[in-house]
Amino acid sequence: MFSADILIPAVLNGLVTGAVYALVALGLTLIYGVLHIINFAHGALLTAAMFAAVFAYKLLGLDPYAAAIFLTPFFFLLGYGLQRFVIGPAAHGEDRNILLVTLGLAVVIENALLYAFRADTRTINLPYAFDVIEVGVTFLAVPRVIAFIVVFAVALALWLILRWTDTGKAIRAVSKEKLGAELSGIDVAHIYAVTFGLGTACLAIAACLLIPIYYVSPNVGDAFVLIAFTIVVLGGMGSVAGALIGGLFIGVVESLSGFYLGESLGQIGIFAMFILVLLLRPSGLFGVRT
């Protein structure tokens, strides 16, 4: 039960699964780090992105990985518009209002998808969906390996944007001190919208990585965002590095729990870890104690 031939495949599969979880959590923690609110519409927007990827394939013949090139900027603009013209004005500067508005958006989006596509699950058949590659003592699905590589590329790109671009510096300034950033001439409303757009763009990429290996239904995003919340808390609210490392860690925990407890009970380990973090280190592994 504890031999390397068993543990190594479980850990490797957990890492490639956790990478996609991390990408969903990256968008969530980025929005929290700047706007300091939890985006309850995150799961619904992920579902919408997955439906978009499915229909890009079925109607236009676009491979999900190719569709990401078009869906990522589209969902960035969608996220920007939602924050700038819906969430921001409706919230009137109150954080609790933002929570209610994003919750309302989630209900509207999910029910619109349910009305349009019913509760049926949809999948697409790709020629490489069941291809595997040999890695040491185990075999890994090609779509999961691709997802693992892409997630690290996206995380690196996000870090470079935040570290070296003027917009990234403005995002970091607003996240640290909103009033000071505003007094220095930064358009805070624009930065809020850009941040929300980046978080939503991460969902579009995650959706295109999930579609080759997962199904889509009108409420499928909720399951991923529940895990993403756990990752954000584990890594530290607002920590990009914490979200990435936390996602990989949670993927391994889920894989090992599923192996030892049974696949249907795999997520027990995730939520047990969530409770332990809340008890022992509420600020998260990379969070700042207050």
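Predicted model: local features only at pLDDT ≥ 70, side-chain atom pairs only at ≥ 80, totals over all residues.
## Packing of H9 and H10

Two packed helices are described by the angle between their axes and the distance between the axes. Helix H9 covers residues 220–235 and helix H10 covers residues 240–261. Their axes come within 8 Å and cross at roughly 120°. H9 is therefore oblique to H10. The crossing of the two helices is right-handed.

On the H9 side, the contact is made by Ile 227, Thr 230, Ile 231, Leu 234 and Gly 235. H10 contributes Gly 242, Ala 243, Gly 246, Gly 247, Phe 249 and Ile 250. Of the residues in this contact, six are nonpolar, five are polar and none is charged.

The structure holds ten aromatic pairs. One of them joins Phe 51 and Phe 117, whose ring centres lie 4.6 Å apart. Their planes are at 15°, so the pair counts as stacked.

This pair links distant parts of the chain, 66 residues apart. Phe 51 belongs to helix H2 (residues 42–60), and Phe 117 to helix H4 (residues 95–117). Phe 51 is buried, with a relative accessible area of 3%, whereas Phe 117 is partly exposed, at 21%.

Tyr 214 is partly exposed, with a relative accessible area of 31%. Tyr 215 is partly exposed too, with a value of 34%.

Together with Tyr 21 and Phe 224, Tyr 214 and Tyr 215 form one aromatic cluster.

Methods
Residues numbered from 1 in each chain as written. Heavy atoms only, no water. Axes fitted to C-alpha atoms, helices over the stretch in contact; angles between N-to-C directions. Helix = DSSP H or I, 4+ residues; strand = E, 2+ residues; numbered from the N terminus. Parallel < 35°, antiparallel > 145°, perpendicular 65-115°, else oblique. Left-handed = near helix turned anticlockwise from the far one by under 90°. Contact = heavy atoms within 4.5 Å. Nonpolar A, V, L, I, M, F, W, Y, C, P; charged D, E, K, R; others polar. Phe/Tyr/Trp six-rings, centres within 6.5 Å; stacked < 30°, edge-to-face > 60°. Buried < 20%, exposed > 50% of the residue type's maximum accessible area, 1.4 Å probe, protein only.
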